[in-house]
Amino acid sequence: MEGELMEADIVVPWRLSFKKIQAFDKYPKGQSTRRWKHLKQILQAENFHDSSPDLPNYVNIESPPSTQPCKRICDITGYEAPYVDPRTNLRYANAHVFKTLRSLSPDQVHQYLSIRNAAVVLK
């Protein structure tokens, strides 16, 4: 059986035309055009170029406050909430959530407000 396979006249090209050329075929060892940097090298380059400690970088994660207004989030669903219930002062996203808000007890409303750190005394 092994002899039959050795005598077969099958010719397979070395590189198939429909396959992508691999990087190791295109660039032999040591001749790559792209040089990868490790995080340590990036940090050293930033520290070398940036002498100002006020600018945010990988080492100093502090950044200035955002200039964009904060998003209002629905207290029940977590979606963006364009509406606020005037009675409970809870934020809601749609009419279905509004019906749910109106069915909550005052203790539950107070718990939702305390989660958001909006301590409001309800009447």
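This is a predicted model: local features need pLDDT of at least 70, side-chain atom pairs count only at pLDDT 80 or more; totals for chains, interfaces and linings use all residues.

User: Where is Asn89 found?

Analyst: Asn89 sits in the loop between β1 and β2 (91-92). Residues are numbered from 1 along each chain as its sequence is written, and side-chain values use heavy atoms, with hydrogens and water left out.

User: Why is Asn89 called partly exposed?

Analyst: Its relative accessible area is 34%. Buried means under 20%, exposed means over 50%, and partly exposed is what lies in between (1.4 Å probe, protein chains only). Asn89 at 34% therefore counts as partly exposed. Its phi is also positive, near 65°, in a residue other than glycine.

User: What makes Asn117 exposed?

Analyst: Asn117 comes in at 73% relative accessibility, so it counts as exposed. Asn117 belongs to the segment after α5, and it has a positive phi of about 60° although it is not a glycine.

User: What is the overall pattern of the chain along the sequence?

Analyst: It reads α-α-α-β-β-α-α, which comes to five helices and two strands. Of the 123 residues, 13% count as buried. The chain exposes about 11700 Å², with carbon and sulfur atoms supplying 56% of that; such areas come from the Shrake-Rupley method with a 1.4 Å probe, and for residues only the protein chains shown count as cover.

User: Which residues make up the largest nonpolar core?

Analyst: There are 11 in all: Cys74, Ala81, Leu90, Tyr92, Ala93, Val97, Leu101, Leu104, Val109, Leu113 and Ala118. The elements giving two or more residues to this core are α4 (95-102) and α5 (106-115). The term means a set of buried Ala, Val, Leu, Ile, Met, Phe, Trp, Tyr and Cys residues joined through side-chain atoms within 4.5 Å. As background, nonpolar side chains in soluble globular proteins tend to be buried together.

User: Why does Cys74 count as buried?

Analyst: Cys74 has 4% relative accessibility, so it counts as buried. Cys70, by contrast, is exposed, with a relative accessible area of 56%.

User: What makes Tyr83 and Tyr92 a stacked pair?

Analyst: Their rings are 5.4 Å centre to centre, with 25° between the planes. Rings of Phe, Tyr and Trp (its six-membered ring) pair if their centres lie within 6.5 Å; planes under 30 degrees apart count as stacked, over 60 as edge-to-face and the rest as tilted. So Tyr83 and Tyr92 are a stacked pair.

User: And why is the pair of Tyr92 and Phe98 called tilted?

Analyst: The ring centres of Tyr92 and Phe98 are 4.9 Å apart and the planes are at 40°, so the pair is tilted. The count comes to two aromatic pairs, and ring pairs link Tyr83, Tyr92 and Phe98 into a cluster. As for accessibility, Tyr92 counts as buried at 13%, while Tyr83 at 42% counts as partly exposed and Phe98 is partly exposed at 26%.

User: Where is the place of Ile73, and which residues does Ile73 touch?

Analyst: Ile73 is in the loop between α3 (39-49) and β1 (83-84). Not counting residues up to four places away in sequence, it touches Gly78, Tyr79, Ala81 and Arg91, where contact means heavy atoms within 4.5 Å. Ile73 and Arg91 are 18 residues apart in sequence and 6.9 Å apart in space, C-alpha to C-alpha. At 38% relative accessibility, Ile73 counts as partly exposed.

Note on methods:
Helices (H or I, at least four residues) and strands (E, at least two) are DSSP runs, numbered from the N terminus.
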